[in-house]
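Please open the structure in your viewer and keep the sequence at hand.

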Amino acid sequence: MLSGLVLAALLIAQLVFVVPGVVNRYDSTVDTLVSIERAKLQSAVRYTGVDEFDIPGTLLNNTLVGIRISDETGNLLLSKGETKQSLAATDTNVKTVTWSLLAANGSVRADVLLDISSVGWSTFLHALKLLGVALFSSIAGTLFALLGIARFYIHPLDLLVDALQTSRANGDGTIPEMVEFNDSEDLNPLAEEFNSLIDAQRTAARQVKVKQQYLEFAAHTDQLTLLPNRRKFEDGLKATVQEAARDNSKFAVFLVDLDNFKFFNDQYGHLVGDKMVAEVGNRLRTMMRDNDLVARLDGDEFVVIQKDVLDRDSAEEVAARLMSVATAPYEYRGFTLKAAVSVGISCFPHDVHAGQDEEMLGEEIVNNASVALQEAKSNGKNQYQLFNETMRSRLTARIRLEQDLKNALVEEQFEVFYQPKINIATREVTGAEALVRWNHPNRGYISPEEFIPVAEEAGMIIELGEWILRTACKQTNELHRMGYMGLNVAVNISAVQFTDGNLLPMVSKALRDTQLRPELLELEITESAVMHDPEEVIESLLELSQFGMRLAIDDFGTGYSSLAYLKRFPVDTLKIDRAFIIDISSDNDDVAIVEAVLGLGRHFNMKVVAEGIEDEEQLQFLKDQGCDLAQGFYISKPLELKAYISWLQSWPHGIQREASSNIVPLKALRKTGTS
């Protein structure tokens, strides 16, 4: 395109001068030819008279093709050759001219026809020569211009492009290298601009890389301890399992958990607690090798993967060192801090099932270490525990039990049993404690001691506890409509329910829906749940008490109650645990504890219930000591609703009257035939 433009420009520039020259040459040649023919004719007629006018025939030639001569009056004197009429009117090669010529005895008029075609042809040939010269010179100029462009622009540009392509190829998808280019001063600014763009791109790339590195670090690093976090640990565990499966090697997983860390945080504050976590994490990291992995999973829980652990004895030695390092005391801001830790250990491949995929193997070994950790905590904490097959069996049974619990809630396999309570002084029935029973379709009745802890850990106790409460309130209200007006019901409240924050709305809704009077419902809360967070508990108990419900502390004496808090609790009843009742007839220590609890009850104006009464001697002793209420197998075992109704009908001492006037004695009910 550039060559064509240059050629056209040069050709047009030359034609601007050639065309006028050709036209001028044509006109000049014609004028010369006319002048020559006129001179010839003038010479021929100069000495010729008018009367005998004649000219030589040789004057007619290729140019002068016709002539008419007339005198001054217009009389025709001579006519030779072609006439104007005989020629085509459109013949542009014939030129007509009129001359005034001098003859011998006067002047004459000559009308001449000139054939100028030879002039046009010669002019055309001349124009072709000039056009050829113009075209040749234009082509030559174009080639010369192209050579200059190729030398000073195209070739340097090709070199620059080659340098850029080479830089990009060497960059292998990354930012290209800067180019050095000195072949053309005109292209140096372009090269400099390219280099400046590369420099800006490098700067931006460095910033992006720094951000990516930070995000990668933040995504895989615990910000408090700077240890790998759970995500990084999972990647490391997967790689370790793959390596061990490929090389037939061994490793061990250690779950390390700080004991009673919440209490530590509450005592020293979260800042000191964070320092403790960071210190333990740093100690664990410094004692392990570079190819081992130490990570913080969550809160106060760490995990250690140590490779090349030969056997379980070696794993125990590592666990002992971990505990020794983690529990060593240290000074911080005037405090002497000392952590207590529990460690769960699981070994690969000893503690996993072969044949699983690598992801499942990694998940299993961590779960096994977690089970071992829970075993260590349940055995007293501040110790390590190796995973074993017994734990695996318990784990499998627990998982199966948890799944069965979910099905039981859906299929309504639970039942509420009632264990009656009596007034020790009068032997009259005051009510009953509602106890949940699980009627498993295959295993029969399962003890609450087996499934309640699982329900609490699995988060199902809220739903189950609400069902127990509503069922107990509903059935107790049905008993009232049957005539047993004085009966109350006691329902156990789990610590999970108590701290859920939704206890009062749930209880009030149950009472409203079942139309049971609040004062006939007693909520039993274990001593450990009461003392978990006393200040929060006091506030919750006050709300429940103000609503009209009665409150009882169950298993009193088995926990670590503070008398300073006990006097602030709006509690109506203390229940003495059956452990202090069993040997009350023969164990002076149990007698002292029971007497102390009874004294506290009288001092704080609380009713005292003795659990686990198994004979008349125990009942009589408690009566002599001034105990208010009793329950146990001697009175009745827990009964399902129909059996409870039958027991009420057969109890010889009747139902304790309430202060309300609408309470009808049991004897009167029997007379009316009410069942």
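Predicted model: local features only at pLDDT ≥ 70, side-chain atom pairs only at ≥ 80, totals over all residues.

The stops below begin with the whole chain and then turn to individual residues.

**The whole chain**

The protein chain contains 20 helices and 20 strands. Colour the residues by accessibility: of the 675 residues, 42% count as buried. The chain exposes about 36300 Å², and carbon and sulfur atoms supply 53% of that area. Among contacts with a separation of 6 or more, 66% are between residues 24 or more positions apart.

Select W121, F124, L125, L128 and L131, and switch to a surface display. Together these residues make a nonpolar surface patch of about 480 Å². Next, pick out F124, which belongs to helix 2 (residues 117–171). Is F124 buried or partly exposed? Its relative accessible area is 42%, so F124 is partly exposed; the limits for that class are 20% and 50%.

**A loop residue and its contacts**

Move to T48, in the loop between helix 1 (2–45) and strand 1 (64–70). T48 has a relative accessibility of 12% and therefore counts as buried. Which residues does T48 touch, leaving aside those up to four places away in sequence? They are F53, D54, A103, A104 and N105.

**Aromatic pairs**

A pair of aromatic rings is described by the distance of the centres and the angle of the planes. The structure holds 11 aromatic pairs. For one of them, select F414 and W438: the centres are 5.7 Å apart and the planes are at 40°, an arrangement classed as tilted. This pair links distant parts of the chain, since F414 is in strand 12 (residues 414–423) and W438 in strand 13 (residues 429–440), 24 residues apart. F414, at 7% relative accessibility, counts as buried. W438 is also buried, at 0%.

Now select Y418 and Y644. Why does this pair count as stacked? The ring centres are 5.3 Å apart and the planes are at 15°, so the pair is stacked; the class requires planes under 30 degrees apart. Y418 is in strand 12 and Y644 in helix 19 (residues 641–650), so that this pair, too, links distant parts of the chain, 226 residues apart. Y418 counts as buried at 1% relative accessibility, and Y644 is buried with a relative accessible area of 1%.

Then show F417 with R437: R437 lies over the face of F417, at 5.9 Å from the ring centre.

**Salt bridges**

Side chains of opposite charge can pair when their charged atoms come close. The structure holds 24 salt bridges. Select D222 and R296, whose side chains meet in one of them at 3.0 Å, N to O. D222 lies in the loop between helix 3 (188–220) and helix 4 (230–247), whereas R296 lies in strand 6 (residues 293–298); the pair links distant parts of the chain, 74 residues apart. D222 counts as buried at 13% relative accessibility, and R296 is likewise buried at 13%.

Proceed to D351 and R312, which form a salt bridge of 3.0 Å, N to O. D351 is in the loop between strand 10 (341–348) and helix 8 (358–378) and R312 is in helix 7 (residues 312–326), so the pair ties together parts that are 39 residues apart in sequence. D351 counts as buried, at 2% relative accessibility. R312, by contrast, is partly exposed, with a relative accessible area of 22%.

For the last stop, select K406 and E402, where the side chains meet in a salt bridge of 4.0 Å, N to O. Both residues, K406 and E402, lie in helix 9 (residues 389–411), four residues apart, about one turn of the helix. K406 counts as partly exposed, at 39% relative accessibility.

Terms used
Residues numbered from 1 in each chain as written. Heavy atoms only, no water. Patch = residues over 30% accessible without salt bridge, like charges linked within 9 Å, V, L, I, M, F, W, Y side chains within 5 Å. Areas by Shrake-Rupley, 256 points an atom, 1.4 Å probe, with all protein chains shown as cover. Helix = DSSP H or I, 4+ residues; strand = E, 2+ residues; numbered from the N terminus. Buried < 20%, exposed > 50% of the residue type's maximum accessible area, 1.4 Å probe, protein only. Contact = heavy atoms within 4.5 Å. Phe/Tyr/Trp six-rings, centres within 6.5 Å; stacked < 30°, edge-to-face > 60°. Lys NZ or Arg CZ within 6 Å of the ring centre and 35° of its normal.
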